[in-house]
Amino acid sequence: MNDISTIILLIVSVLIGIPVFFYLVPVALWFSALLSGVKLSLMELIFMRLRKSPVQDIVMGLITATKGGIPINRTELEAHALAGGNTANVINGLVAAKHAGLKLSFKNACSSDFKGIDLVKLVHKEVESRKEEEKIFE
């Protein structure tokens with residue numbers, strides 16, 4: 001009888017432990033980041049999860065920034081997310097600004113995001129206004 005209860009306890013522990021493990025250790029996100037060239041350890045992802053950070057938003061933002069050629073600090077992006085900021089708005093705005101040839105710092109992007117400004121629209125407006133200025137002086 002003791003052996004059966006031990007086996008049942010072991011099976012229940014495994015059935016409960018596997019989902020908990022995969023919740024705490026987002027292996028799929030880590031693998032996506034690894035394939036995209038983002039250097040993140042599994043421990044960093046576990047600690048982000050324990051801090052209740054939006055892990056998927058941060059990892060996807062880091063991947064977008066890396067692919068867009070924007071060097072970004074994970075801790076700064078995580079701090080922005082924990083403060084209630086929109087990481088996608090900041091990253092997409094930084095990438096759009098870089099491709100438009102505009103200088104936009106991470107700090108200014110975060111500040112604009114907290115003001116509720118859509119950074120991609122702002123960059124597009126700036127590009128359009130520069131095009132109009134060029135037409136005037138032609």
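Colleague: How do α4 and α6 lie relative to each other?

Modeller: In this predicted model, local features need pLDDT of at least 70 and side-chain atom pairs count only at 80 or more, whereas totals for chains, interfaces and linings use all residues. Residues are numbered from 1 along each chain as its sequence is written, and side-chain values use heavy atoms, with hydrogens and water left out. The two helices (DSSP runs of H or I, at least four residues, numbered from the N terminus) pack at an angle of about 5 degrees with their axes 9 Å apart, where axes are lines fitted to C-alpha atoms over the stretch in contact and angles run from 0 to 180 degrees between N-to-C directions. Since angles under 35 degrees count as roughly parallel, over 145 as roughly antiparallel, 65 to 115 as roughly perpendicular and the rest as oblique, α4 and α6 are therefore roughly parallel.

Colleague: Which residues of α6 make the contact with α4?

Modeller: Contact here means heavy atoms within 4.5 Å. On the side of α4 the contact is made by Asp57, Gly61, Thr64 and Ala65, and on the side of α6 by Thr87, Ile91, Asn92 and Val95.

Colleague: How many residues of each class does the contact of α4 with α6 have?

Modeller: The classes take Ala, Val, Leu, Ile, Met, Phe, Trp, Tyr, Cys and Pro as nonpolar, Asp, Glu, Lys and Arg as charged, and the others, Gly among them, as polar. By that division, the residues in the contact of α4 with α6 are three nonpolar, four polar and one charged.

Colleague: And α4 with α5, what is their orientation to each other?

Modeller: Helix α4 spans residues 55-67 and helix α5 residues 74-82, and the two pack with their axes 10 Å apart at an angle of about 135 degrees. The pair α4 and α5 is therefore oblique.

Colleague: Which residues of α5 make that contact with α4?

Modeller: From α4 come Ile58, Gly61 and Leu62, and the residues of the contact as a whole divide into four nonpolar, one polar and two charged. The partners contributed by α5 are Arg74, Leu77, Glu78 and Ala81.

Colleague: What kind of aromatic pair do phenylalanine 21 and phenylalanine 22 form?

Modeller: A search of the whole structure finds one aromatic pair, a pair being rings of Phe, Tyr and Trp (its six-membered ring) with centres within 6.5 Å, stacked if the planes are under 30 degrees apart, edge-to-face if over 60 and tilted otherwise. The ring centres of phenylalanine 21 and phenylalanine 22 are 5.2 Å apart and their planes stand at 75 degrees, so the pair is edge-to-face.

Colleague: Is serine 112 buried or exposed?

Modeller: Serine 112 is placed in helix α7, residues 106-114, and, leaving aside neighbours within four places in sequence, is in contact with Ile117 and Leu119. Buried means under 20% relative accessible area, exposed over 50% and partly exposed in between, with a 1.4 Å probe and protein chains only. At 15% relative accessibility, serine 112 therefore counts as buried.

Colleague: What is phi of lysine 52 near?

Modeller: Lysine 52 is in the loop between α3 (42-50) and α4, and is exposed, with a relative accessible area of 69%. Most residues other than glycine have a negative phi. Lysine 52, a residue other than glycine, has a positive phi, near 65 degrees.
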